Every structure is written in C-alpha cells, then in structure tokens.
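Please read these points with the model open beside you.

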Amino acid sequence: MVPQLFILERMRRLRAAHPAAPTPALAGHPAIADAHPPAAAHPAQPAWRRQVGGLLYLVAGIFSAGLGLESFILPNGLFDGGVTGISLLAARLLPNLPFSVFLVVLNLPFIWLGYRQLGKEFALKALAAILGLAAVLVVVHFPVITQDKMLIAVFGGFFLGAGIGLAMRGGGVLDGTEILAVYLSRKASLSVGDFVLVLNILIFLVVALVISVQTALYSILTYLAASKTIEFVVNGIEEYTGVTIISEHSDAIRRALTERLGRGVTVYAGHRGYGSHGEQPSPIDIVFTVVTRLEVSQVTTEVNQLDPKAFIIMHSVNDAKGGMVKKRALH
C-alpha cells in the first residue's frame, strides 16, 4: 500500500547520487547553498537521538496501523492494496490462519529483497516494524468503532495510512510492495507508480470477482484514503513549489523577490531558443526560487507587475531543507 511517489524511490536516488560541491550556478543561492552547510556551523544530530526518534516513529506507526486494521478494516471485511491487501484476501479465503501470519510470511521475501537492495539496517527496521504490527494485532485488542461502511473506508484508510507513513518516517516499512516496485523499476520500463497501480488493480479486481463489487469499491476508497494520508505524513504539512522565471527583466524580478518578499533565489545563465519573434540565441538570466504554496500568488503577482510576458514554470517540491525556506515561518 503506497502512494504514487513513494519515499523508497527517493531513498534509491539518494543512494545512487554522489555528493559533490555545489555548482557555481547554485553556490550563491541562499535557499540551496545553505541546505548543505559546513559541519562545524551546524553540528550533526547525535546518532542516538536519530535512533530514538526513528524508534518512536516506528512504534507510533505500528499502533496507528493496528488501530486502522482492528477497529475498522478487519471486522468489516474491507481490503487494502499491496501486500497488506493480499494478506487480507488470503486470510478471508483461508480463515484457519490469522491475518497476522499472512502479513509476516508474505512480507519476508520483500524484506530479503530490501536487504539486498537497501542494506541491512533498512531490512532490520522493516522486519521489526512488520513483526511489531503482527504482535500488536495478536496482543492488543482495539474496539470496533463503527459499522458505517463509508466511515470504515475513510477512517480505516486514514489510520492505516498514518501508520505506514510514520513507519516510513522512522526508516522502515509496514508493506513490502514498495521494495519490489523499486527493484522492478530498475529492471523493466515500468515506473514505481505504474507497478503499484497495476498490482492494486489486480487485487481489487480479484476482490470484486471473489467477494463482491461493493466490497471492492469500498476497499478502493480505503486505499485512496490511506494513500493520501501517507503522502501527507511523509511530506509534512508544508508543501513547496519550485518557481522558474524566464524574463528580460530578470534583475528587477530578482530584487523584488529578495527585497520585497524576502525569498532566496538562484540566478543562472541561459540562452533563448525559439521565441515569439523567431530564433533568439541571445543570453538571458533565469531566476529560480522555492516558496510555500501560500506564497505562490505573491510571487506571480510581483512578476506580472514587472513583466506580464514573463514565462513562469511551477512544479511541486516534495521536500525542502535549510536555507531561507526553513528560516521563515509560514503565514
């Protein structure tokens, strides 16, 4: 059970990257240059604090997922995506074995794959998280809260997604599907999101054929609620937007963003390609900044006042660390 842009894909890319000094184009950008300050200026957080923080995230995720499963999903016969959904379906078809057994057994191959691909520490955290969730489901008995199918689907997905997201923040997983998705994305043309989508379509199709169409529809709603909750928990409440501005008045725009709005910017050199007046291979400065979603309208207003014909490109930023983005409070 994973969102389309899954955190393990980000982890894979980070592992594949080779840290290097910032390029001259980015070195002067306060929002980016400060993201990797010298170790002496900002001492690293002690290892034991990181370990304790990760452990707390894992424990909170286990209990949240346990609440979502026992209080909402399991008693009312709904399903989720990924290995969790396959385990729920197996427990329905083979009632002699509890769901917790299927959850552990079906995740073991993916944990081994995670050990081969992402390392021993990740595999141990994933194994501990899944065993912890199985133990909570056996030992802790959460009350059944409601019989309303809509509430079950929404809040069951919410608590399950929050648990998976918190476990991911702690460095582990509660579902092995994402590990396989990252592995197969390296071997085939399918992306992580494509693989997850295909797998979940197959799971819900089987639920519709074996159980009922209504159950499959409510289960899809559970999956969507869990997916959005994971995205919210992993990325946090602060959503950022990268804004690239191409204009002949780039210097005035830079001053407006830095002086009037107090934002950090990057200015890097570019060349025009083919514009509205034909081929223009002339040099032009390009302005880039990262702002919160609440500040996007302020940026576009400032740019439009200075150059209504400016070309503005915006894209979502999953996370932003350090620099002036983190130094100013949200408004």
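1. Arg255 is partly exposed, because its relative accessibility is 35%. The classes work like this: buried means under 20% relative accessible area, exposed means over 50%, and partly exposed lies in between (1.4 Å probe, protein chains only). Please keep in mind that this is a predicted model, where local features need pLDDT of at least 70, side-chain atom pairs count only at pLDDT 80 or more, and totals for chains, interfaces and linings use all residues. Residues are numbered from 1 along each chain as its sequence is written, and side-chain values use heavy atoms, with hydrogens and water left out.

2. Which side chain meets Arg255 in a salt bridge? The partner is Asp251, at 2.3 Å from N to O. A salt bridge here is a side-chain nitrogen of Lys or Arg within 4 Å of a carboxyl oxygen of Asp or Glu. Arg255 and Asp251 both sit in helix α12, four residues apart, about one turn of the helix. Helices (H or I, at least four residues) are DSSP runs, numbered from the N terminus.

3. Asp251 also forms a salt bridge with Arg254. Their closest N and O atoms are 2.9 Å apart. Both residues lie in helix α12, which covers residues 250-260. They are three residues apart, about one turn of the helix. Asp251 counts as partly exposed because its relative accessible area is 39%. Arg254 is partly exposed too, at 28% relative accessibility. Together, Asp251, Arg254 and Arg255 are linked in a network of salt bridges.

4. Now look at Arg260, which forms a salt bridge with Glu302. The closest N and O atoms are 2.8 Å apart. This pair links distant parts of the chain: Arg260 is in helix α12, Glu302 is in helix α13 (residues 296-306), and 42 residues separate them. Is Glu302 buried or exposed? Glu302 is buried, because its relative accessible area is 14%. Arg260 counts as exposed, because its relative accessibility is 54%.

5. How many salt bridges does a search of the whole structure find? The search finds four.

6. Turn to the aromatic rings. The structure holds four aromatic pairs. Rings of Phe, Tyr and Trp (its six-membered ring) pair if their centres lie within 6.5 Å. One aromatic cluster is formed by Phe72, Phe158 and Phe159.

Note on methods: Helix = DSSP H or I, 4+ residues; strand = E, 2+ residues; numbered from the N terminus. Phe/Tyr/Trp six-rings, centres within 6.5 Å; stacked < 30°, edge-to-face > 60°.
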